[in-house]
Amino acid sequence: MTDRNQSEIRSNAIITAIGSYVPERILTNADLEKLVDTSDEWIVQRTGIQERHIASDHQFTSHLCFAAVQDMMERYNKDVTDIDYIIVATSTPDAVFPSVASQVQSHFGIENCGSVDLQAACAGFTAAIQLANGLLVSGAYRKVLVIGAETLSKVTDYSDRTTCILFGDGAGAFLMEASGSGSGNVLHMYSKTDGARGHQLYRSSLASAIGDHVIQPNGLIVQNGREVYRWAVSHVAEGVKQLMTRSSLSAADIDWFIPHSANMRIIEALCERTGFSLDQTLSSIKLFGNTSAASIPLAIDGAVKAGTIKQDQLMLLYGFGGGLTQAGIIIRWSL
Ligand code: UT7
């Protein structure tokens, strides 16, 4: 029987530029102490978060995408008008349709270009890279823009202390181009979905139930924190190990581990269970909070700006969250 999650893959996708953006306004733990019954000490101990960036009333996910792409263009001297396809991973699009990706197309005046929003919650950015790799390797497209972007503050219940302390806003972008030589940066991938647990973490829209589970129809993020925590440290750790086993790589072979920045304690537990040290782990949790689809590119871009990531290093990126969904990739950095 063929293993549909087999890890050895074809790739001609080269990451040729990265950019990111977070809104100016900062929401500190001290600010949250004024909104709900919480404390800086509790938040730092339980989550590792010190502050998050919050979009202004007039700033939506598309605006964060424009700024991240602009940052990428300026730093890498890249033209985006010849992009073939745009994928925006987000759970907080400005509107259900038109897509955020189509607004990025319009903003930058990209003439011949496909566009789609991808909804895989906190696994969105890594899922989008998996799909972008497929588009490039098919030969249909040569230049794909992948963005992870969120304005979670607009769908956060600031009267619920168990969720409002976690979330922040931001955006990160990768430009992926087909290589002439045929060998790409995306080396291995793994995905898993556990839809039966979907009701543990959701943002409602049309329906008032997920499966047999009645949900709160208020359009805000609702989560059973303890259950999602348990799932993350057991099932996600198992997924990371699966990706390494199928790639015949161990934590010692990989230079950087970049799990979704859900909570510092989850990251520590994942490291403990998978053999990664905290020194080889990158996150964006401390200063940006949980930014869902944006958390992985924000963590990587922070390290790129600091000069921490070197050419040819191996990186394991692992997104997980609402769905409940996991998507992991191992890439070789060549920027
Ligand atoms: O990105 C998508 C995936 N999402 C996640 O991965 C989130 C997963 N879950 C978590 O990160 C954690 O479960 C939370 C940060 C949400 C909560 O941390 P916890 O250590 O699991 O706390 P808990 O839910 O077990 O609650 C412990 C206590 C409770 O009080 P009692 O019942 O022991 O008296 C809570 O009511 O902490 C209380 N609590 C708070 N206290 C102060 C919950 N939130 C707060 C708060 N401030 N903000």
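Author: Let's start just after H4, where Gly 109 takes a positive phi of about 60°. Keep in mind that this is a predicted model.

Reader: Okay, and which residues of helix H4 are buried?

Author: To read that, you need a cut-off: buried means under 20% relative accessible area. In H4, which covers residues 100–108, the buried residues are Val 100, Ala 101, Ser 102, Val 104 and Phe 108.

Reader: What do the buried residues of H4 pack against?

Author: Packing here is about contact, that is, heavy atoms within 4.5 Å. The buried residues of H4 pack against one helix, H3 (61–76), and also against strands E4 (85–89), E5 (114–118) and E6 (143–151).

Reader: Back to phi for a moment. Which residues other than glycine have a positive phi?

Author: Have a look at two of them. Ala 121 has a phi of about 45°, and sits in the loop between E5 and helix H5 (124–137). For Ser 292, phi is near 50°, and its place is the loop between helix H8 (285–288) and helix H9 (295–306).

Reader: Now the peptide bonds. Where are the cis ones you'd point me to?

Author: Omega is the angle to check. The bond from Phe 97 to Pro 98 is cis, with omega near 5°, and Pro 98 lies in the loop between E4 and H4. Another cis bond runs from Gly 323 to Leu 324, where omega is near -10°. You'll find Leu 324 in the loop between strand E14 (314–321) and E15.

Reader: What comes after strand E15?

Author: A segment that holds Leu 335, with E15 itself spanning 325–332. Leu 335 has a relative accessible area of 28%, so this residue is partly exposed. Leaving out residues up to four places away in sequence, Leu 335 touches Ile 15, Thr 16, Ala 17, Ile 18, Tyr 76 and Gln 311. Thr 16 is 319 residues away along the chain, yet its C-alpha atom is separated from that of Leu 335 by 6.0 Å.

Reader: Let's zoom out. How is the chain divided into domains?

Author: There's domain 1, residues 13–178, and domain 2, residues 186–332. Their centres, taken over C-alpha atoms, are 15 Å apart. As for contact between the two, 52 residues of domain 1 meet 43 residues of domain 2.

Reader: And what does the radius of gyration tell me about the whole protein chain?

Author: You compare the value with what a compact globule would have. For 335 residues that would be near 20 Å; the protein chain has 19 Å, so the two agree. Its C-alpha atoms fill a box of roughly 55 × 45 × 45 Å along the principal axes. Count the contacts with a separation of 6 or more, and 77% of them join residues 24 or more positions apart.

Reader: How many side chains are positive and how many negative?

Author: The chain has 25 positive and 34 negative side chains, and 5 Å lies between the centres of the two sets. The accessible surface comes to about 14,400 Å², with 48% of that belonging to carbon and sulfur atoms.

Notes. Residues are numbered from 1 along each chain as its sequence is written. This is a predicted model: local features need pLDDT of at least 70, side-chain atom pairs count only at pLDDT 80 or more; totals for chains, interfaces and linings use all residues. Side-chain values use heavy atoms; hydrogens and water are left out. Helices (H or I, at least four residues) and strands (E, at least two) are DSSP runs, numbered from the N terminus. Buried means under 20% relative accessible area, exposed over 50%, partly exposed in between (1.4 Å probe, protein chains only). The radius of gyration is taken over C-alpha atoms; the globule rule is 2.2 Å times the number of residues to the power 0.38. Accessible areas come from the Shrake-Rupley method with a 1.4 Å probe; for residues, only the protein chains shown count as cover. Lys and Arg count as positive and Asp and Glu as negative; His and the chain ends are not counted. The place of a charge is taken as NZ of Lys, CZ of Arg, CG of Asp or CD of Glu. Domain bounds come from an automatic or database domain assignment.
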